[in-house]
Amino acid sequence: MDDSKRFASVEDERDYWRKTAEKFKQDLEETKEELEEFQISSRELELELEAQLEQLETKNKDNESQKNKFMTENEALREKLGHQQSGSHKRITELEDELAETTAFKDELQKYIRELEQTNDDLERAKRATVVSLEDFEGRLNQALEVNVFLQSEVEEKECLAETVQRLKDETRDLKQELGVKKAFGGEVVKNESEDGTVTTPTGSIDSNKLVDSGIITSQSFKTPPMKGLPPTTNGSTPLTPSARISALNIVGDLLRKVGQS
């Protein structure tokens, strides 16, 4: 209370304090009303905050549970990731080794392919050379076969000539024996011919037709035409004329002398 105020009278002081009291009373009523309103709002706010707190606690519990779950999953994923990284690193190492082996094998295959191509080229060249050599060999073989055929014909002719020479040697040996017998009796050569083609010699009689039949002398050896009316010999050839027989016998005599000298 302010003691410094001075009132003129007691009524003035009473009126003043009465107004002041009424004012304080009115302020008190207003304050009470405000307090009641504040308490009511405070209780409502408290209830609301308690509800929110319960919700937040429930949500916090859910979050904690979710957090623990996530942490467990995180640990599991981290462990799985570690295993996967380890496996991936191992697999990458294996793949790198396989890649190196595959690259080396590829290089070897390429080298082998180049060698095969070179070998194939060499074989083709060898094949062409072989074909050329084979054609040359076939040509020479055909020539050799022709020569062989020619030589075989010559051999056959030589065999025929050898047989003829052997037969002549046999006849010469027989003639020599007969000639020795005749010389012992001092006979002479009679160069005449009978009508049947037999010529008398110191060694005996020689039938010129038999010489023709045996193939020793042929009518083609003498360029005299065959005479008409003469009968064929036993082998179907035309008999020699008398002059051809005498010439043939002279040839045989020369052959016999040469054989006797040998």
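This is a predicted model: local features need pLDDT of at least 70, side-chain atom pairs count only at pLDDT 80 or more; totals for chains, interfaces and linings use all residues.
View A. Thr20 belongs to helix α1, which spans residues 10–185. With a relative accessibility of 17%, Thr20 is classed as buried, because the limit for that class is under 20%.

**View B. A negative patch on the surface.** Asp27, Glu29, Glu30, Glu33, Glu34, Glu36 and Glu37 together form a negative surface patch. One of these residues, Glu37, is located in helix α1. The relative accessible area of Glu37 is 54%, and Glu37 is therefore classed as exposed, a term that applies over 50%.

**View C. The salt bridge between Glu75 and Arg78.** Side chains of opposite charge can pair when their charged atoms come close. The structure contains 5 salt bridges, and in one of them the side chains of Glu75 and Arg78 meet at an N to O distance of 3.9 Å, where the cut-off for a salt bridge is within 4 Å. Both Glu75 and Arg78 are part of helix α1, in which they stand 3 residues apart, or about one turn of the helix. Glu75 has a relative accessible area of 47% and is partly exposed, whereas Arg78, at 52% relative accessibility, counts as exposed; the two residues fall into separate classes because the boundary between partly exposed and exposed is set at 50%.

**View D. The salt bridge between Arg91 and Glu94.** Arg91 and Glu94 are joined by a salt bridge in which the closest N and O atoms are 3.4 Å apart. Because Arg91 and Glu94 are 3 residues apart in helix α1, about one helical turn separates them. Arg91 is partly exposed at 42% relative accessibility, and Glu94, with a relative accessible area of 33%, is likewise partly exposed.

**View E. The salt bridge between Asp136 and Arg140.** Here the side chains of Asp136 and Arg140 meet in a salt bridge with an N to O distance of 3.2 Å. The spacing between Asp136 and Arg140 in helix α1 is 4 residues, so that they are separated by about one helical turn. For Asp136 the relative accessibility is 42%, which means that this residue counts as partly exposed.

Notes:
Residues are numbered from 1 along each chain as its sequence is written. Side-chain values use heavy atoms; hydrogens and water are left out. Helices (H or I, at least four residues) and strands (E, at least two) are DSSP runs, numbered from the N terminus. Buried means under 20% relative accessible area, exposed over 50%, partly exposed in between (1.4 Å probe, protein chains only). Patches are made of residues with over 30% relative accessible area and no salt bridge: like charges are joined within 9 Å, nonpolar side chains (Val, Leu, Ile, Met, Phe, Trp, Tyr) within 5 Å. Accessible areas come from the Shrake-Rupley method with a 1.4 Å probe; for residues, only the protein chains shown count as cover. Lys and Arg count as positive and Asp and Glu as negative; His and the chain ends are not counted. The place of a charge is taken as NZ of Lys, CZ of Arg, CG of Asp or CD of Glu.
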